Amino acid sequence: MDISKATNPRKLELCRKYFFAGFAFLPFVWAINVCWFFTEAFHKPPYSEQSQIKRYVIYSAVGTLFWLTVLTAWIIIFQTNRTAWGATADYMSFIIPLGSA
């Protein structure tokens with residue numbers, strides 16, 4: 001998406017929408033928000049909406065890193081303990097992999 005043609009208030013509105021959409025357990029939306037608005041927040045000449053955009057970009061980056069850490073930890077814990085958890089892990093699994101029982 002090319003946001004360079006949008007007005008500054010429209011950029012702020014879009015950035016805010018993506019930030020709040022990330023609270024619906026969609027950390028990917030926060031990552032997109034960071035990618036799209038990073039240059040607007042940190043590399044463009046100052047304008048009135050820039051400080052708010054910068055805040056949303058920073059919070060989106062923190063949220064993305066938080067969820068990336070949580071999901072990575074859960075994946076590691078689940079994959080290393082799946083067989084030890086027995087039937088409980090099988091109920092949480094969509095696909096039960098072949099391996100030690």
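Modeller: A residue is called buried when its relative accessible area is under 20%, exposed when it is over 50%, and partly exposed in between. In this predicted model, Glu13 has a relative accessible area of 33% and is therefore partly exposed. Arg10, at 37% relative accessibility, also counts as partly exposed. These two residues form a salt bridge, with their closest N and O atoms 3.5 Å apart. Glu13 and Arg10 are three residues apart in helix α1, which covers residues 8-21, so about one helical turn separates them.

A general principle lies behind such contacts: side chains of opposite charge can pair when their charged atoms come close. The count for the model comes to five salt bridges.

Another of these joins Glu40 to Lys11, the closest N and O atoms being 3.1 Å apart. This pair links distant parts of the chain, since Glu40 belongs to helix α2 (residues 27-42) and Lys11 to helix α1, 29 residues apart. Both Glu40 and Lys11 are buried.

Glu40 also forms a salt bridge with Lys44, where the closest N and O atoms lie 3.9 Å apart. Elsewhere, salt bridges that share partners join Arg10, Glu13 and Lys17 into one network.

Notes
Residues numbered from 1 in each chain as written. Predicted model: local features only at pLDDT ≥ 70, side-chain atom pairs only at ≥ 80, totals over all residues. Heavy atoms only, no water. Salt bridge = Lys/Arg side-chain N within 4 Å of Asp/Glu carboxyl O. Helix = DSSP H or I, 4+ residues; strand = E, 2+ residues; numbered from the N terminus. Buried < 20%, exposed > 50% of the residue type's maximum accessible area, 1.4 Å probe, protein only.
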